Amino acid sequence: MKKKRTTEKKVRCIVYISTVGDMQHVNQREQRQMRYISEYANGNNIEVVKVMRRNVLGQLDVNKHFDRIVQMIGEGFADGILIANMQFISKDIDDACRKIAKVSNVGGAIYSVDDGKLDFQFKGVPYGCKSR
């Protein structure tokens, strides 16, 4: 019997490059991080549809970029975000969970090279329900 070849649909992701350090070495670090992320994407059936960069901007700008990426995922431009590590886009564990929930809420997922797929599976939380 012949086996049918099944081709999985590629996951379309927006890559967010974010490094921390001085201005002189930002480009080198970003290039290294992009290589690291590209190798992961090639090995895990992920298609890069857009690359956004933090450069040397602060956390407020990262949050604005993140909200724009979430909006693009909600519009169907991409299926998720591909990053090297959550620590580069979030300031603490609460912020990381909030960001994962935002992306999951619009139907996407965050793919971290170091941590794998990060998402929450919501079964529908009714709006307007009061908790005790």
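Where is the place of Glu 30? Select helix H1 (residues 26-43), and Glu 30 is in it. Helices here are DSSP runs of H or I with at least four residues, strands are runs of E with at least two, and both are numbered from the N terminus.

Before going on, note that this is a predicted model, in which local features need pLDDT of at least 70 and side-chain atom pairs count only at pLDDT 80 or more, while totals for chains, interfaces and linings use all residues. Residues are numbered from 1 along each chain as its sequence is written, and side-chain values use heavy atoms, with hydrogens and water left out.

**Stop 1: Glu 30**

Stay on Glu 30. Is this residue buried or exposed? Glu 30 counts as buried because its relative accessibility is 2%; buried means under 20% relative accessible area, exposed over 50%, and partly exposed in between (1.4 Å probe, protein chains only). Show Asn 55 next: the side chain of Glu 30 reaches the backbone nitrogen of Asn 55 at 3.2 Å. A polar contact is a pair of N or O atoms within 3.5 Å; within protein, one must be able to donate a hydrogen and the other to accept it, and residues adjacent in sequence count only if both atoms are side-chain atoms. Leaving out residues up to four places away in sequence, Glu 30 touches Ile 17, Thr 19, Arg 53, Arg 54 and Asn 55, where contact means heavy atoms within 4.5 Å.

**Stop 2: the sheet**

Five of them form an open sheet in the order E2-E1-E3-E4-E5, with mixed pairing. The edge strands are E2 and E5 (116-118), each of which pairs on one side only. On average, neighbouring strands of this sheet are turned by 30° against each other, direction ignored. Two strands pair if DSSP finds at least two bridges between them.

H1 lies across E1, E2, E3, E4 and E5, and runs at about 165° to E1. Axes are lines fitted to C-alpha atoms, for helices over the stretch in contact, and angles run from 0 to 180 degrees between N-to-C directions.

Now select E3. Gly 80 and Leu 82 on one side and Ile 81 and Ile 83 on the other are all buried, so both faces of this strand are covered. E1 and E3 run parallel and are joined by three bridges; Val 15 stands opposite Leu 82 in E3. E3 and E4 also run parallel, joined by four bridges.

**Stop 3: Ile 110**

Move to Ile 110 in strand E4, the bridge partner of Ile 81. How far apart are Ile 110 and Ile 81 in sequence and in space? They are 29 residues apart in sequence and 4.8 Å apart in space, C-alpha to C-alpha. Ile 110 counts as buried because its relative accessibility is 0%.

Select residues 59-74, helix H2. Its 16 residues should span 22 Å at 1.5 Å a residue, and its end C-alpha atoms are 22 Å apart, which agrees. The expected span is 1.5 Å times one less than the number of residues.

Which residues of H2 are buried? They are Val 62, His 65, Phe 66, Ile 69, Val 70, Met 72 and Ile 73. Seen down the axis of H2, the buried residues fall within an arc of 160°, so they line one face of the helix; the arc is that of the directions from the helix axis to the C-beta atoms. They pack against strands E1 (11-17), E2 (46-53), E3 (80-83) and E4 (109-112), and against helix H3 (93-105). Turn to the other side of H2 to find Leu 60 and Lys 64 exposed. Gly 76 follows H2, and its phi is positive, near 90°.

**Stop 4**

Go to the loop between H1 and E2, the place of Asn 45. Phi of Asn 45 is near 60°, a positive value in a residue other than glycine. Asn 45 is partly exposed, with a relative accessible area of 23%.

Finish at Lys 10, in the segment before E1. Lys 10 is in contact with Asn 45, Glu 47 and Asp 79, leaving aside its neighbours within four places in sequence. At 44% relative accessibility, Lys 10 counts as partly exposed.
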